[in-house]
Amino acid sequence: MSVTQHPKRFVVRMVDTPIGDDPAAGIADDTCGAVALFRGVVRADNQGRAVEAIEYECYREMAEREMLAVLRAAAARHDLHAARVVHRTGLVRAGESSVLVAVAAAHRAQAFDALRDIVEALKRRAPIWKKEFYAGGESRWL
Amino acid sequence: MTIELLLFASLREACGTDRSLVDADDDANVAQIAAGFFAARGVDAATLPPYRFAVNESFVSADHVPGEGDRVAVLAPFAGG
C-alpha cells in the first residue's frame with residue numbers, strides 16, 4: 001500500500017447555472033504530474049431525433065453523498081491527490097456542459113484510469129435523471 | 001408508522017407529487033409501501049419504469065422495513081452525465 005503525503009481533496013457540486021470555463025482551476029499542486037478532465041456535453045442528436053435541451057433533476061442530498069463516495073473510492077484505488085465533480089441541474093441547452101469531472105494525480109496513468117472509473121460510477125450511482133426536449137416540442141424522460 | 005415518501009422525475013410526474021407523508025403498517029417494507037402509494041393515487045405500476053429504493057439517502061433492498069420518520073425515496077433508473 002502506498003503512503004501519500006498530500007491531503008485528499010474532494011469537491012462535489014450540483015449547480016443550476018452554466019459550468020464555467022475552468023472549474024478545475026487550482027486542483028493541482030506541485031506534487032501532481034497530471035490533471036485529467038472529462039466534460040459531458042448535451043448532444044444535439046439522440047438516435048436520430050433533434051435534441052434542443054435536457055432538463056436534469058436530482059435527489060440532491062443523496063447525489064452529493066454518492067458522488068463523494070465515488071470520488072473517495074477512486075482516490076483510494078488510484079492514489080489521487082484531488083478530485084472534483086460539478087454537475088448541472090435544470091435546463092441545459094444542446095452544446096452546453098452537463099457535467100465536469102477533474103482529477104489530479106502524480107502520474108497520468110492514475111489520472112486517466114481514475115477519470116474513467118469516476119464517470120462510469122457516477123452514471124450508475126448518482127440519483128440524477130434527465131428529460132430530453134426535442135425540436136417540435138415533445139419531451140421524454142430517459 | 002409514518003414515513004416521508006420522496007419521488008423524482010418520471011415517478012414524480014406520474015404521481016403528481018414529489019413528497020408525501022405516508023402512514024404504513026409497522027412491518028411494511030419499502031416495496032409494499034410504494035405499491036400501496038401508487039395504487040392509492042390511481043397509478044398503474046405497470047406503466048412505471050423499474051425502480052429501486054433508498055432510505056435516508058442510502059440504497060436499500062425492496063424488502064427493507066423502514067422506521068418511523070424515515071425518508072423513503074423511490075428511484076427510477078439514473079441518467080446523469
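Let's start with the core. This is a predicted model, and its largest nonpolar core has 58 residues. Those with the most contacts inside it are A:L71, A:L80, A:A83, A:V103, A:I118 and B:A73.

Next, strand β5 of chain A, residues 82-88. Is this strand buried or exposed? Seven of its seven residues are buried, so β5(A) is largely enclosed by the rest of the structure. Look at the side chains. In a regular strand they alternate between the two faces of the sheet. Here A:A82, A:R84, A:V86 and A:R88 point one way, while A:A83, A:V85 and A:H87 point the other way.

What pairs with β5(A)? Strand β1 of chain A, residues 9-15, runs parallel to it, joined by seven bridges. Strand β7 of chain A, residues 97-105, pairs with β5(A) in the antiparallel sense, over six bridges. There, A:V86 stands opposite A:L100.

Last, helix α2 of chain A, residues 108-125. Which of its residues are buried? They are A:Q110, A:A111, A:A114, A:L115, A:I118 and A:L122. They cover an arc of only 125° around the axis, which puts them on the same side of α2(A). That buried set packs against β2, α1, β5 and β7 of chain A. The face turned away carries the exposed residues A:A109, A:E120 and A:R124.

How values were computed: Residues are numbered from 1 along each chain as its sequence is written. Chains are lettered from A and ligands numbered from 1 in the order in which they are written. This is a predicted model: local features need pLDDT of at least 70, side-chain atom pairs count only at pLDDT 80 or more; totals for chains, interfaces and linings use all residues. A nonpolar core is a set of buried Ala, Val, Leu, Ile, Met, Phe, Trp, Tyr and Cys residues joined through C-beta atoms within 7 Å. A residue is buried if 20 or more other C-beta atoms lie within 10 Å of its own, exposed if 12 or fewer, and partly exposed in between; C-beta atoms are placed from the backbone. Helices (H or I, at least four residues) and strands (E, at least two) are DSSP runs, numbered from the N terminus. Two strands pair if DSSP finds at least two bridges between them. The arc is that of the directions from the helix axis to the C-beta atoms. Two residues are in contact if their C-beta atoms, placed from the backbone, lie within 7 Å.
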